[in-house]
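Please look over the structure below.

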Amino acid sequence: MFEILIGTISGFISGMGMGGGTILILCLSMFMNIEQHIAQATNLVFFIPTSIIAIVTNIKQKNIDFKVGIPIAISGIIGAIIGAFYATKTNVKDLKKYFGVFIGLIAIWEIYYLIKKYIFNKKTHNK
């Protein structure tokens, strides 16, 4: 069940164009003045060949757990359909705001994770 939730949410976000190409979207919209919808759709085109290469590489290295991956992929497809529909119906100004909030939440999570890891390592080394 948890895999389906993760897949749907990540598919939704990916469908909006905010997957691994977050930096690409940021660069296209900020530095090249490309409209947010176009930057996010361009990211999706960029994502196809890079993800295929990553999948093939990880299959060869036996890094993929298909029991977990298949439910995530299926629910991710559903989330991507919903997210893409939502993104096309959202005005550019709001889409930029949502993108900014998403990036901010990732930054907060990463900072929290690093602090938590630092505290854990400090406790472990002081024993």
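Ile59 is partly exposed in this predicted model. Its relative accessible area is 41%. That value lies between the two cut-offs, because buried means under 20% and exposed means over 50%. Ile59 sits in helix H3.

Ile59 also belongs to a nonpolar surface patch of about 710 Å². Which helices supply at least two residues each to the nonpolar patch? They are H3, residues 36-60, and H4. H4 gives the largest share, with five residues.

Helix H4 spans residues 66-89 and holds Ser75. Is Ser75 buried or exposed? Ser75 counts as buried, because its relative accessibility is 4% and the cut-off for buried is under 20%. The Ser75 side chain has a polar atom 3.2 Å from the backbone oxygen of Ile72.

Ala87 is buried, with a relative accessible area of 7%. Its C-alpha lies 9.7 Å from the C-alpha of Ala41. In sequence, Ala87 and Ala41 are 46 residues apart.

Thr90 lies in the loop between H4 and H5. Thr90 is buried too, at 8% relative accessibility. Which backbone oxygen does the side chain of Thr90 reach? It is that of Tyr86, at 2.6 Å. Setting aside neighbours within four places in sequence, Thr90 is in contact with His37, Leu95 and Tyr98.

The table lists the accessibility of four residues discussed so far.

| Residue | Relative accessibility | Class |
|---|---|---|
| Ile59 | 41% | partly exposed |
| Ser75 | 4% | buried |
| Ala87 | 7% | buried |
| Thr90 | 8% | buried |

Helix H2 covers residues 22-31. Its buried residues are Thr22, Ile25, Leu28 and Ser29. Why do they count as lying on the same side of H2? They cover an arc of only 135° around the axis, so they fall on the same side. An α-helix has 3.6 residues a turn, so residues three or four places apart point the same way.

What do the buried residues of H2 pack against? Their partners are H3 and helix H5, residues 92-125. On the other side of H2, Ile23, Met30 and Phe31 are exposed. Just after H2 comes Asn33, with a positive phi of about 55°.

**The whole chain**

How many helices and strands does the protein have? There are five helices and zero strands. From the N terminus on, the elements run α-α-α-α-α.

The protein has 127 residues, and 20% of them count as buried. Its accessible surface comes to about 9400 Å². Carbon and sulfur atoms account for 74% of that surface.

Contacts between residues at least 6 apart in sequence give another view of the fold. Of these, 71% join residues at least 24 apart.

Technical notes
Residues numbered from 1 in each chain as written. Predicted model: local features only at pLDDT ≥ 70, side-chain atom pairs only at ≥ 80, totals over all residues. Heavy atoms only, no water. Helix = DSSP H or I, 4+ residues; strand = E, 2+ residues; numbered from the N terminus. Buried < 20%, exposed > 50% of the residue type's maximum accessible area, 1.4 Å probe, protein only. Polar contact = N/O pair within 3.5 Å; in protein donor to acceptor, adjacent residues only side chain to side chain. Patch = residues over 30% accessible without salt bridge, like charges linked within 9 Å, V, L, I, M, F, W, Y side chains within 5 Å. Areas by Shrake-Rupley, 256 points an atom, 1.4 Å probe, with all protein chains shown as cover. Salt bridge = Lys/Arg side-chain N within 4 Å of Asp/Glu carboxyl O. Arc of directions from axis to C-beta. Contact = heavy atoms within 4.5 Å.
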